[in-house]
Amino acid sequence: MATWESLIPVAGVTLRLAAVTTAVLLAAGTPLAWWLARRTGFAKDVIASVVALPLVLPPTVLGFYLLLLLGPWGPVGGALTALGMDSLAFTFSGIVVGSVVYSLPFVVQPLQVAFEAVGTRPLEAAATLRAGPLDRFFTVAAPLARPGFLTATVLGFAHTIGEFGVVLMVGGSIPGRTRVLSIAIFEHVEASEYGQAHVIAAGMLGFSLLVLIALHGLTRRLRGEAP
Amino acid sequence: MKARNLAVAAILALPGLLSQPGLANAAQVRVAVAANFMLPMTEKVLPAFQRQSGHAVVAIYGPTGGLYSQIVNGAPYDALLAADAERPRRLEESGLGVAGSRFTFALGEVVLWSATPGTVDAKGEVLKQGKFGHLALANPKIAPYGLAAQQTLEKLGLWERLKPKVVYGQDISQTYQLIASGNAELGFVALSQLKADRPGDAYWKPGADLHAPIEQQAILLTRAKDNAVAREFLAFLRSPQGKALIESSGYGAE
């Protein structure tokens with residue numbers, strides 16, 4: 001029987017995974033979204049499509065390919081082994097890699113839309129005042145794109161909390177290390193322990209709803225509309 | 001104007017799409033089947049039954065726990081071929097399954113296997129040496145093959161020592177992928193999987209004294225108690241011909 005105590009490490013891994021994944025995605029997704037927002041043509045179409053792939057592919061497909069990539073006969077796993085490093089499979093870093101891929105569009109797309117909305121005119125104005133490219137980004141574009149950063153952060157975090165298939169495949173469901181809440185729900189349902197499944201599922205439902213309501217309220221405020 | 005016409009056409013077409021004549025066929029027999037039995041079903045049992053009886057049976061595959069939940073919630077299945085004995089027993093007790101129709105159709109064989117040749121020896125000594133990073137098991141809480149693997153390790157006195165190296169697949173096919181991709185050096189899979197996918201590979205089969213038998217049971221569901229084809233299909237599974245097909249797929253028979 002699962003108890004409340006047994007849920008704590010699972011919830012801990014889940015929250016830590018969502019926090020680390022969101023941080024990595026904001027750091028890597030911002031330049032990517034910036035590039036996508038200011039580019040047109042075939043290269044942009046290809047990269048934008050690759051970014052959107054996790055939206056359409058079943059997570060188990062992503063998980064299966066990640067497993068092949070990370071395995072000792074895959075390019076990533078093979079390179080790591082050659083360098084004398086440990087494999088990423090069944091580690092916390094491994095499920096972070098999986099979640100980053102899986103939640104990529106949820107961070108990059110809101111950022112891209114926000115950067116596109118900023119347009120080129122404020123940046124050109126800043127350029128005439130001799131602001132350098134980095135300066136223009138941090139003092140003009142980023143503040144104007146604040147609602148986009150907020151949406152990206154919340155969606156990236158919330159979507160990673162709900163992650164199931166990729167973590168399941170790459171993580172190995174090790175208690176305290178790679179076992180997350182959505183896997184715990186799956187196990188309880190499979191074991192016909194509907195009581196425990198309800199507790200976690202209802203908790204996640206409530207959490208997700210609250211997060212999305214808060215996001216809508218905050219976004220409205222950032223846009224300067226009446227509360 | 002065009003868009004409106006399209007919308008009207010779509011609405012008119014809806015009832016036809018929803019009713020799907022192929023699925024509404026009342027004579028069709030639907031059997032819910034545990035995922036580990038998928039290959040024997042599609043490749044051997046279903047074609048043989050159709051040849052012999054002239055009836056086509058539709059199989060729906062999934063994890064036993066999931067299929068059980070669906071049946072409890074009114075899924076239109078006529079029989080269940082489970083990966084365990086527990087779920088069919090519960091269906092019989094709750095009246096959702098026909099009393100007395102429950103029987104063991106296959107005995108699961110769990111084996112230790114590695115995708116790297118030379119890793120697993122004929123006596124399973126590799127487990128005692130413990131010179132590997134990860135040992136993959138199906139989740140013992142929900143997968144009968146995982147439970148048998150855990151019982152084996154406990155009986156050998158190795159469970160506590162190896163537990164830190166154990167990684168879990170949620171079902172037997174996911175466990176197979178963990179090992180086949182090399183991420184886990186070795187692990188416990190079903191002999192039926194190995195026979196279907198890599199028949200030449202070496203494996204170690206724990207003795208029958210090391211774990212409880214993996215009894216895979218079938219049961220006729222109450223909604224199909226007067227369904228002659230469903231009954232005929234279950235009888236076919238118990239016939240010498242059915243048993244031979246099941247045994248040749250890597251299962252033991254009663």
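Before anything else I wrote down my burial rule: a residue is buried if 20 or more other C-beta atoms lie within 10 Å of its own, exposed if 12 or fewer, and partly exposed in between, with C-beta atoms placed from the backbone. I also noted that this is a predicted model, where local features need pLDDT of at least 70, side-chain atom pairs count only at pLDDT 80 or more, and totals for chains, interfaces and linings use all residues. Residues are numbered from 1 along each chain as its sequence is written, while chains are lettered from A and ligands numbered from 1 in the order in which they are written.

I looked up Phe90(A), which has a positive phi of about 65° although it is not a glycine. I found Phe90(A) in the loop between α4 (75–82) and α5 (92–118) of chain A; helices here are DSSP runs of H or I with at least four residues, strands are runs of E with at least two, and both are numbered from the N terminus. Is Phe90(A) buried or exposed? It has 26 C-beta neighbours inside 10 Å, so Phe90(A) counts as buried.

Next came Arg130(A), another residue other than glycine with a positive phi, near 65°. Arg130(A) sits in the loop between α6 (121–128) and α7 (133–144) of chain A. I got 7 C-beta neighbours inside 10 Å for Arg130(A), so this one counts as exposed.

**Entry: two helices in chain A**

I checked how α8 (residues 146–161) and α11 (residues 194–222) of chain A pack: the angle is about 175° and the axes are 10 Å apart. Axes are lines fitted to C-alpha atoms, for helices over the stretch in contact, and angles run from 0 to 180 degrees between N-to-C directions. That makes α8(A) roughly antiparallel to α11(A) (the label for angles over 145 degrees). Among the residues making the contact are Leu150(A) and Val154(A) of α8(A), and Val211(A) and Leu215(A) of α11(A). Residues are in contact if their C-beta atoms, placed from the backbone, lie within 7 Å.

**Entry: where the chains meet**

How many residues of chain B are in contact with chain A? I noted 18, and they touch 21 residues of chain A. On chain B's side, α3 (64–72), β7 (166–169) and α8 (172–180) give two or more residues each. The largest share, four residues, comes from α3(B).

Technical notes:
Two residues are in contact if their C-beta atoms, placed from the backbone, lie within 7 Å. Angles under 35 degrees count as roughly parallel, over 145 as roughly antiparallel, 65 to 115 as roughly perpendicular and the rest as oblique.
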